[in-house]
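Here are a few notes to read with the model open beside you. Take the points one by one and find each residue on screen as you go.

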Amino acid sequence: PKSERENIAYLLSVMRDVSAPFGVVDPGKPNIAATRWRSVIDMTRKIYFFESTISPNIVWVDLHRLDFRAGASVRKLDLVKQKDYVGDVSNKFSVAKPFVFLTPKM
């Protein structure tokens, strides 16, 4: 590729080719599930790219713009109420409660 942009585009195009179609159901193949997300991570620039199969947009998060320090507030990107993000969503994260893991019952 001639640029980082082309590189991301190439990777996503290959992933689209091998993704299981949205809504696929085959009773004879119960282990096949529709692809819900495709993601590419640029480890050098620390940018996480993703796309949902129910949205036509590419979205990315610049991890340099998030606060990962100890004591920083927990934040989330709402993908339920807001489904049509596009582009850089690094500033769209809102304060959230931490995820609570269930404890095993003995």
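Predicted model: local features only at pLDDT ≥ 70, side-chain atom pairs only at ≥ 80, totals over all residues.

1. The space inside the largest pocket comes to about 300 Å³.

2. Which elements supply at least two residues each to that lining? They are helix H1 (4-18), strand S2 (47-52) and strand S3 (59-62). H1 gives the most, with six residues.

3. Now sort the lining of the largest pocket by class: you get seven nonpolar and five charged residues, and no polar ones.

4. S2 and S3 make a hairpin, with six residues between them. Their pairing is antiparallel and runs over four bridges. To spot it on screen, find Phe50, which sits opposite Val59 of S3.

5. S3 has another partner to check out: two bridges join S3 to strand S5 (residues 87-88), and these two run parallel. Val59 turns up again here, standing opposite Gly87 in S5.

6. Finally, go to the second largest pocket, with a volume of about 230 Å³. Among the residues lining this pocket are Arg65, Leu66, Asp67, Phe68, Ser90, Asn91 and Phe93.

Methods:
Residues numbered from 1 in each chain as written. Heavy atoms only, no water. 1 Å grid on protein atoms, 1.4 Å probe; cavity = no way out; pocket = protein on both sides within 12 Å on 5 of 7 lines; lining within 4 Å. Points joined across faces, edges and corners; volume = space filled by probe spheres on them. Nonpolar A, V, L, I, M, F, W, Y, C, P; charged D, E, K, R; others polar. Pairing = 2+ DSSP bridges.
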